[in-house]
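Reader: I am new to this. Please show me the model, and then I will ask about the terms.

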Amino acid sequence: MLKAGVLGAGHLGKIHLKLLNQSTKYNLIGFYDPIKENAEKVSAEFGYKTFDSIQELIDAVDVVDIVTPTLSHFDCAKEAIEKGKHIFIEKPITKTVEEADTLIELSKKNQVKGQVGHVERFNPAFTAVKDSITNPMFIETHRLAEFNPRGTDVPVVLDLMIHDIDIILSVVNSKVKSINASGVSVISDTPDIANARIEFENGCVANLTASRISLKNMRKSRFFQKDAYIAVDFFEKATEVVRMKDAPKKPGDFDMILQNAEGIKKQIYFENPTIEANNAILDELETFADAITNNTKPIVTLQQGTEALRVAHQIINDF
């Protein structure tokens, strides 16, 4: 079992602590939180060991789980990597792309592994269909959330849209060609609602909308490719896959047949992939343990987290 420690015991940090404590792949050593009252409260309530400094915690573990505010990600990760510790780091990877690039170089130099907490990669609705998304040419995403002041220290692009940026970059095998975006600050000092259009060199176009001032929660993505439409509801954990194939010469009574202007007939059929219930945060933490133990590539690498951040900043800079 890998010895793990958590930096940050806020809302998400407490979830990580609970799951690491339950995991059969980690031995939770303890945590550090700079707010002493919060650290004492969490320690008293759950029995986790609290450390007096970041340095003490890093020295005591093999893996450092960084669940602190984004502004402190770089300093925490740098210190852990330079001491030869593997890092799991919440999204976004860092505040700036330059910081993220530095972490990549440090991880190579110190021969440690890193994974970024883009948890939607582990959403069972996405994992059920990701192998079916082979060559999408148009993608549309909507990620809408009710207002929560907890995330307003960063623009909605870094808070919410970055989830969809990472998902899109993971399925589109092409470089970004151009970005057009707009964002509006309504309640916060940074944009609360944003829309971005990303064009890729292979012709794929992605249209992303994110809002943290909506009246209801929605996390939906739709992928269109030759002869297929794939919808993923990340919130409800549901999928819809609609495919087309050449129509049979003698269609059945209940076959759905479409005919285009050229007279070509296609049959429409529906697939219902099996969606396995899971705990996505536990899965991302445990697959990282597997990557360390087996010396394999993490599912969401530091490089991939950096690319998502790079695109996010290009969107913000286009406002």
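Reader: At what angle do helix α5 and α9 pack, and how far apart are their axes?

Author: The model is predicted: local features need pLDDT of at least 70, side-chain atom pairs count only at pLDDT 80 or more, and totals for chains, interfaces and linings use all residues. Residues are numbered from 1 along each chain as its sequence is written, and side-chain values use heavy atoms, without hydrogens and water. Helix α5 (residues 97-110) and α9 pack at about 170°, with axes 9 Å apart. Axes are lines fitted to C-alpha atoms, for helices over the stretch in contact, and angles run from 0 to 180 degrees between N-to-C directions.

Reader: Why are α5 and α9 called roughly antiparallel?

Author: Angles over 145 degrees count as roughly antiparallel. The angle here is about 170°. Therefore α5 and α9 are roughly antiparallel to each other.

Reader: Which residues make the contact?

Author: Contact means heavy atoms within 4.5 Å. From α5 they include V97, L103 and I104; from α9, among them, L302, L309 and R310. The contact residues divide into six nonpolar, four polar and three charged.

Reader: What makes β7 and β13 edge strands?

Author: Two strands pair if DSSP finds at least two bridges between them. Strands β7 (176-184) and β13 (256-259) each pair on one side only. They belong to an open sheet of nine strands with mixed pairing, in the order β7-β8-β9-β6-β10-β11-β12-β14-β13.

Reader: How do you know that β12 and β14 pair?

Author: Strands β12 (residues 238-246) and β14 (residues 265-271) share six bridges, in the antiparallel sense. The cut-off is at least two bridges, so they pair. D246 stands opposite K266 in β14.

Note on methods
Helix = DSSP H or I, 4+ residues; strand = E, 2+ residues; numbered from the N terminus. Parallel < 35°, antiparallel > 145°, perpendicular 65-115°, else oblique. Nonpolar A, V, L, I, M, F, W, Y, C, P; charged D, E, K, R; others polar.
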